[in-house]
Amino acid sequence: MTGRLLVAQLLDKEHKVRVIVRSTDNLSESVLKNPDITVIEASILDLTDEEMAGHVRNCDAVASCLGHVMDFKGMYGAPRQLCTEATRRMCSAIESNRHSAPTKFILMNTVGVKNPELEESRSWYERGLLTLLRYGLPPHKDNETAAEYLFQDVGKENQYVEWCSVRPDSLINADVSAYDIEESPSTGIFTGRPTSRSNVAHFMTELIENAALWNRWQFRAPVIMNAVDPGETTVGR
Ligand SMILES: NC(=O)c1ccc[n+]([C@@H]2O[C@H](COP(=O)([O-])OP(=O)(O)OC[C@H]3O[C@@H](n4cnc5c(N)ncnc54)[C@H](OP(=O)(O)O)[C@@H]3O)[C@@H](O)[C@H]2O)c1
């Protein structure tokens with residue numbers, strides 16, 4: 001759902017957008033008719049390396065809003081490593097194109113995944129919950145390994161890929177509003193400060209458009225949560 005919101009916000013800002021979707025059923029008529037969008041109807045992991053390289057060719061930015069469908073098949077069936085494998089395939093495709101300027105890669109991850117470079121402490125409650133998620137829900141492990149892939153395999157010295165792993169808290173559907181961006185979750189996680197999907201899309205759009213914001217957050221894992229005080233936005237702090 002966040003992917004659809006991101007596409008809408010990018011089109012509103014007159015970007016040229018290519019989307020890879022399993023089905024066009026969830027895209028509105030106005031989006032499908034927009035001359036700035038190219039829709040590729042495919043299940044992302046079924047694409048060949050050549051097809052993937054063609055789809056990301058000449059893109060300034062590539063974003064992944066993939067997530068497992070929250071039913072039994074989506075959580076416990078194949079592909080268990082949807083986010084990791086798609087991240088690996090997209091970054092490898094970007095690298096294979098060898099553009100003269102690096103391409104931005106933005107991953108939608110989760111606040112449940114720690115930034116491995118920071119000493120992020122967790123309360124007993126949070127650690128217990130995350131242990132349950134890690135061993136009980138394969139999608140959580142997938143989010144962890146997708147982020148690990150960026151930190152460890154793509155790294156920060158990559159000539160072709162610059163990346164950012166965006167970490168929302170519990171997602172809700174609401175209009176764009178004030179939100180906070182933090183290096184680490186300062187008020188704990190799963191504590192009732194949700195994140196609107198439209199705010200995630202907004203932040204991703206800003207990362208794509210705003211060079212200063214990108215320089216601030218590239219190679220990092222910013223946490224995004226709706227602002228406690230809606231009158232106050234601290235984007236890019
Ligand atoms: N739920 C939360 O509270 C929460 C909190 C923090 C972070 N997150 C993370 O946020 C992301 C999900 O955000 P969301 O709510 O916007 O997700 P969503 O609405 O469930 O969208 C997930 C997307 O992934 C696609 N997808 C699912 N399985 C696929 C497969 N096997 N092959 C190809 N595409 C597939 C879906 O395609 P179809 O439309 O064709 O199904 C859909 O476009 C996940 O990475 C999740 O871990 C979630």
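Helix α6 contributes the most to the lining of the second largest pocket, with four residues. Helices here are DSSP runs of H or I with at least four residues, and strands are E runs of at least two, numbered from the N terminus. The model is predicted, so local features need pLDDT of at least 70 and side-chain atom pairs pLDDT 80 or more, while totals for chains, interfaces and linings use all residues. Residues are numbered from 1 along each chain, and side-chain values use heavy atoms, without hydrogens or water.

Both α6 (124-136) and α7 (138-154) supply at least two lining residues to this pocket. Of its 13 lining residues, G112, V113, K114, R134 and E144 lie nearest the centre. A pocket is an open set of points on a 1 Å grid over the protein atoms alone, where a 1.4 Å probe fits, with protein on both sides within 12 Å along at least five of seven lines; lining residues have an atom within 4 Å of a point.

Helix α7 also contains V154. This residue is buried, at 6% relative accessible area (buried means under 20%, with a 1.4 Å probe and protein chains only). Beyond four places in sequence, V154 touches C91, Y149, V161 and W163, contact meaning heavy atoms within 4.5 Å. The C-alpha atoms of V154 and C91 are 7.7 Å apart, although 63 residues separate them along the chain.

C91 is also among the contacts of F105, as are L150, V161 and W163, again leaving aside neighbours within four places in sequence.

Terms used: Buried < 20%, exposed > 50% of the residue type's maximum accessible area, 1.4 Å probe, protein only.
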